[in-house]
Amino acid sequence: MFTPRVLTSFIASAALAYAASSNALSYSLTDKVQSSGSTPNSGIELHLEDNIGTTVAARMLALETLRQEAISVEGESKLVFGVDVNEAASGTEKAETQAVALDSVRLDITMADGTVYNLTEFSTLTKSLLATGNNGAETRQDYYTLLGSAGSNSITGSVFKDKFDSTLTVPIPEAIDFTQAVEATLHIDFLDVNNKLGDPEAFYDFSNGFEDLALLDDADARYLDNVAKGVISNGDDPSQEPISSGAPMVISLRDNQVPYVEWLGYPSSTGYYLVGYEDLFPDLGDYDFNDLTVAYRVEVGLDLNSQVTQIRGEAILITRGAAYSHDWHLRLGIKSGNGKITESWYQPEEYEFGVRGRQVGETTTRNFNNASQIDLRAFADTKAIFPAPEGCKFTNTPVCDTYVQGPKYIFNITFNSPIDMDSLSAAPFDPYLYVLNTDQEIHLINQTLATQRTAMGYEKSQNEAKGTTSFVDENGFPFAMMLASPWMPPIEGYSMEVSYPDFTPYVETRGASKKDWYIRPDGTKVHPSERFTWQW
Amino acid sequence: MRLKLLFAAILAGSMIACGGGGTETTTIVTPDKTTPDTTAPDTTNPSITEIEVPQDFDFSNFQTLPLTFTVPGDLVGQIDYKIAGSWNGQLQDLYIGRGFAGQERTVDINIPTALDSVRIEYMAFDKASGTAQVKIEEVNI
């Protein structure tokens with residue numbers, strides 16, 4: 001009969017023999033970091049994890065084999081965990097880069113002789129300076145972070161290489177031999193950051209979950225470390241120059257220099273321009289600017305020479321108070337450039353954590369060569385894609401109990417060679433409406449016709465033929481207006497001056513007074529923001 | 001020259017009321033390019049107020065400003081910074097960049113005209129010593 005000491009000694013011998021003769025393996029873990037940002041209260045009990053082995057002894061042997069492999073290959077006694085970063089792709093977090101920050105990691109190990117180790121040292125390959133809780137920006141300190149992306153560019157055939165994103169390393173003291181342990185429990189707490197401060201906190205918050213975990217062998221861990229998902233967008237192809245994924249304020253602890261992109265947000269990285277239209281152009285209409293209202297933003301990526309390498313952005317439809325249908329375009333002047341445009345469209349879909357996008361159709365990709373303008377048709381046929389809810393006359397403009405969250409458009413432009421920032425047309429760029437019923441373009445007051453519509457594959461407008469090339473009427477009124485949040489669309493039929501009493505003095509003083517006229521609506525004549533949140 | 005507009009006159013003299021004219025259903029139809037739908041919508045409170053529009057007023061609620069700043073010289077290590085403005089009840093990030101101590105930068109920002117200041121937050125981290133530094137500057141527009 002074996003005594004425990006004899007048993008553990010036998011297992012230790014077996015472990016060394018196993019390590020010497022067998023490759024270590026990676027294991028998916030059943031428990032996850034939950035949406036609360038923590039592992040379950042009991043922790044992740046590796047000694048009970050069926051994916052690792054069928055008995056406690058077998059599971060401990062597997063952990064020891066991984067530790068021995070790390071010692072053998074890298075000269076470090078450690079366990080490496082893989083984390084599948086699974087955050088909501090909203091705000092500054094995108095499908096191509098998303099992240100969480102780590103508050104604490106603890107591995108509790110109980111040995112057969114009753115000795116307990118509480119290991120609290122850990123590391124990842126990235127950090128960021130972050131403020132926690134409700135603390136101010138001045139309190140920022142460095143924390144380890146985990147970055148990843150939604151989906152993998154390559155299919156390696158390995159669930160660990162394809163599914164998981166970042167590695168989390170826990171050093172193991174040399175004295176600990178897992179074959180002499182009876183319990184090993186992992187606790188992880190993500191950092192509760194003050195995301196009211198914008199980035200970097202907004203990027204590194206946890207907003208979704210669940211984050212899957214794995215125990216990684218050396219090959220899988222090295223692969224993930226080299227690919228650097230969420231940091232580099234093409235890390236799976238070492239033959240290419242690395243391209244930044246666009247994560248903000250990453251402190252990389254890798255030996256190699258990682259590329260970096262600066263971001264200029266128009267109007268900001270999380271805010272939106274609001275633009276409203278009167279679509280009876282060249283007639284003025286009721287001047288409620290809700291015939292179509294659109295929220296959009298544009299982010300310009302700059303390299304370290306302050307040249308533009310990438311432009312990305314998104315748009316959301318807010319109202320359609322019209323019987324006409326329209327296409328909504330965003331036109332960017334670039335003087336000259338070559339590159340690629342990627343576009344995708346989404347409809348909102350409720351799920352347990354709020355609203356997320358359900359992609360409509362395929363992501364489209366097209367190239368442009370020697371282009372002086374990029375004219376993006378973000379939304380085509382608004383009446384079809386943004387219909388009124390049942391019982392309502394229009395979409396989000398009548399007094400109506402039902403609000404509809406509008407579709408979202410996302411684009412990404414990458415340039416083959418960077419262009420000068422001066423080449424890019426000025427913000428807010430040219431958001432324009434093309435009215436399908438009248439073939440009229442409607443632009444902001446100082447913009448010109450989109451002369452390259454047909455070259456971009458769009459229908460030629462009738463503005464020139466009908467002499468409607470100015471977008472201001474004889475009394476000085478525009479047909480499209482830029483508006484700042486928290487402006488909310490007027491209820492159908494209330495003109496801007498009626499729904500916003502400070503609009504008139506703002507205009508009549510040439511903008512010298514009541515600059516923030518849009519924050520003081522007549523509450524009975526605009527849609528209440530607490531009932532209608534268009535952003536998603 | 002100051003121009004004058006009577007909204008009442010506009011409402012009486014033009015298409016009356018909402019965009020694209022009148023009655024709508026959720027049925028998707030091919031746009032009729034010859035006969036705009038001019039059925040009057042529910043315009044219960046048409047405006048009758050006068051507004052005098054100054055000549056060439058652009059109605060823009062945003063302005064573009066070149067913002068020049070110098071990265072503090074006493075920061076060490078990797079220096080990230082951001083320019084942020086506060087509106088709509090939120091701190092909004094206008095520019096996120098990276099530079100070096102003493103560097104002068106100029107960027108064009110496009111912000112609501114109602115905004116009268118922005119803040120620049122510098123975050124430095126020295127990997128060798130593990131030291132973090134944070135500096136915040138308020139800049140009046």
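**Salt bridges, strands and surface in a predicted model**

Lys525(A) and Asp522(A) form a salt bridge, with their closest N and O atoms 2.9 Å apart. A salt bridge here is a side-chain nitrogen of Lys or Arg within 4 Å of a carboxyl oxygen of Asp or Glu. Salt bridges that share partners also join Arg140(A), Glu201(A), Lys82(B), Asp93(B), Arg119(B) and Glu121(B) into one network. The model is predicted: local features need pLDDT of at least 70, side-chain atom pairs count only at pLDDT 80 or more, and totals for chains, interfaces and linings use all residues. Residues are numbered from 1 along each chain as its sequence is written, chains are lettered from A and ligands numbered from 1 in the order in which they are written, and side-chain values use heavy atoms, with hydrogens and water left out.

Lys525(A) is buried, at a relative accessible area of 16%. Asp522(A) is partly exposed, at 23% relative accessibility. Buried means under 20% relative accessible area, exposed means over 50%, and partly exposed lies in between (1.4 Å probe, protein chains only). Over all chains, the whole structure holds 32 salt bridges. One of them links Glu464(A) to Lys460(A), with the closest N and O atoms 4.0 Å apart. Glu464(A) counts as exposed, because its relative accessibility is 57%. In another, the side chains of Glu349(A) and Arg358(A) meet at 3.7 Å, N to O. Glu349(A) is partly exposed, with a relative accessible area of 28%. Arg358(A) is also partly exposed, with a value of 41%.

Arg358(A) lies in β17(A), where it stands opposite Gln347(A). Helices (H or I, at least four residues) and strands (E, at least two) are DSSP runs, numbered from the N terminus. Strands β16(A) and β17(A), the latter spanning residues 354-379, run antiparallel and are joined by 19 bridges. Two strands count as paired if DSSP finds at least two bridges between them. Strands of a sheet pair through backbone hydrogen bonds, either parallel or antiparallel. Strand β18 of chain A (residues 408-420) is also antiparallel to β16(A), through 8 bridges. Here Gly339(A) stands opposite Phe415(A). A further 6 bridges join β16(A) to the antiparallel strand β19 of chain A (residues 430-435). In this pairing, Leu330(A) faces Pro431(A).

His326(A) belongs to β16 of chain A, which covers residues 326-351. His326(A) is buried, because its relative accessible area is 0%. Its side chain makes a polar contact with the side chain of Asp279(A), at 2.8 Å. A polar contact is a pair of N or O atoms within 3.5 Å; within protein, one must be able to donate a hydrogen and the other to accept it, and residues adjacent in sequence count only if both atoms are side-chain atoms. Neighbours within four places in sequence aside, the contacts of His326(A) include Asp291(A), Arg320(A), Phe379(A), Asp381(A) and Tyr434(A). Contact means heavy atoms within 4.5 Å.

Chain A also holds an open sheet of 4 strands, in the order β1-β10-β3-β8, with antiparallel pairing. Strands β1 (27-28) and β8 (166-171) stand at its edges, each with a single partner strand, so one side of each has no neighbour in the sheet. Between β3 (residues 78-84) and β8(A) there are 6 bridges, and the two run antiparallel. Leu79(A) stands opposite Val170(A) of β8(A).

Two loop residues of chain A follow. Leu48(A) sits in the loop between β2 (44-45) and α2 (56-74). Leu48(A) is partly exposed, at 46% relative accessibility. Leu253(A) lies in the loop between β11 (251-252) and β12 (262-266). Leu253(A) is likewise partly exposed, with a relative accessible area of 27%. Beyond its neighbours within four places in sequence, Leu253(A) is in contact with residues including Tyr144(A) and Lys127(B). The C-alpha atoms of Leu253(A) and Asn51(A) are 31 Å apart, although 202 residues separate them along the chain.

Chain B contains 1 helix and 8 strands. Along the sequence, they follow the pattern β-α-β-β-β-β-β-β-β. Of the 141 residues in chain B, 45% are buried. Among its contacts between residues at least 6 apart in sequence, 61% join residues at least 24 apart.
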